[in-house]
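What holds the two chains of this model together, and how far can the coordinates be trusted?

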Amino acid sequence: MANRSEMWRTLSDPLIRQNPVTLQILGICSALAVTTTLATAVTMSISLTVVLTLSAGLVSTIRRHIPDTIRLIVQIVIVASLVIVIDQVLQAYFAEISRALSVYVGLITTNCLVLGRTEAYARHNAPLPAMVDAFGNGLGYSLILILLGGLRELFGKGELFGREVLPLADAGGWFTPLSLMLLAPSAFFLLGLLVWVVRSFYPEQAEAPEHTPPLGAEPAE
Amino acid sequence: MSDLWGLFLMAAFVDNMPLTLFLGLCTFLALSKRTEAALGLGVAMTGVLAVTVPLNHLIHKALLAPGAWAWAGMPELDLTYLSLIAFIGVIAASVQLLEMVIDRYFPAVHAAFGVFLPLLTVQCAILGGSLFMVERNYDLAESAVFGLGSGVGFAVAVAMLGAIRTRLAYADLPAGLRGLGIAFVLAGLMSLGFASFSQMAAAQ
């Protein structure tokens, strides 16, 4: 109970201040690829958070038994097994979304966020804080994904979760969909602007002008 | 033959790995601060993709695909759910092997971009290449061309981004946009350019 506030900080820090996507440059690939609609973004967020939390718990439980030299392979096998489970569940119960996500569910295996957190945190900490940290990072990642997915679907199609929100001009409304929002470039622009916004609120995150590595942390990929 | 050339162009430009499919973005952004590093990464990517995609194709066909074990009297056996673990294993092993071969025969090359090679094991573009190969049912020749094309596309994109960012080092950007932010915006602009290739493909 004494370290409750510490736990809370572990959980809430990655939400915005230490956000895995905007600050740590982890897990960007899937963050951009699956955000054309809100539904796929939410599915991906849930899948990734589950895989991240469970793999952090597992790795942290057996952390004293993993030899240092082969730890990457052990971690990847653990992650890959969890991803296979998630993939099978999605295919069985959410066939349509699973098809929309295509190979990106499988790519959670190599999502740098998962390996990055197990490598940087779960490997040195007890299972409970490791899982809390992983869950917090999963939530931070989900936040970005849902924000991007919502923006892109809202302005690209005038819908949210496939339901009409802004009446389209074709159907007698006033909103002309910006089809650029559904294409690849807009994802880059939106995330770039998002990074800008976050760093305007936290000026200490802005990168030094020249000749400094980004934020002192190499991404785990 | 022209089919294969078309596939190569498609893999390299229309379905460009980092810019259109968003694969391998972490290294794409992290290692593109300098042109030389970016070029090294591109060459390494091309080599690894060109080796692993056909190799995974063989393994998928011979061991994992439904009916692959028919000769052993187990025609119903479907091991496709194991493909993720198998592919990762193959990629890790071939990256290691490639590194040893380069180290033995081309020490100068190894010194130039040796650091990037081990990192490629957990690169989503490489695993993605193999997964796309399965999803789109390429045969052996097609998967080899697809792997090579994807690698070349990645190399072109990362070298271009590296060159632009080197120039931008002297630009006076707003503090919040420096580094990661502007890299995203640049990638977005490049992605716009690459989107025009898909119009070309559609016009054919």
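Between chain A and chain B the number of salt bridges is zero. This is a predicted model, and polar contacts between the chains are counted where both residues have pLDDT 80 or more; one residue pair across the interface meets that rule. The side of chain A that touches chain B draws at least two residues from each of α2 (28-33), α4 (71-93), α6 (112-120) and α8 (184-201) of chain A. The largest share, 10 residues, comes from α8(A). By residue class, this side of chain A consists of 31 nonpolar, 11 polar and four charged residues.

In extent, the interface brings 46 residues of chain A into contact with 44 residues of chain B. About 3,900 Å² is buried between the two chains, and carbon and sulfur atoms give 76% of that area.

Within chain A, helix α7 covers residues 127-157, 31 residues in total. From its first C-alpha to its last, α7(A) reaches 43 Å, close to the 45 Å expected at 1.5 Å a residue.

As for confidence, chain A has a mean pLDDT of 80, with 92% of its residues at 70 or more. Where pLDDT is low, the predicted coordinates should not be read in detail.

Conventions
Residues are numbered from 1 along each chain as its sequence is written. Chains are lettered from A and ligands numbered from 1 in the order in which they are written. This is a predicted model: local features need pLDDT of at least 70, side-chain atom pairs count only at pLDDT 80 or more; totals for chains, interfaces and linings use all residues. Side-chain values use heavy atoms; hydrogens and water are left out. Contact means heavy atoms within 4.5 Å. Buried area is the accessible area (1.4 Å probe) that two parts lose on being put together, summed over both. A salt bridge is a side-chain nitrogen of Lys or Arg within 4 Å of a carboxyl oxygen of Asp or Glu. A polar contact is a pair of N or O atoms within 3.5 Å; within protein, one must be able to donate a hydrogen and the other to accept it, and residues adjacent in sequence count only if both atoms are side-chain atoms. Helices (H or I, at least four residues) and strands (E, at least two) are DSSP runs, numbered from the N terminus. Ala, Val, Leu, Ile, Met, Phe, Trp, Tyr, Cys and Pro count as nonpolar, Asp, Glu, Lys and Arg as charged, and the others, Gly among them, as polar. The expected span of a helix is 1.5 Å times one less than its number of residues. pLDDT is the predictor's confidence in each residue, from 0 to 100.
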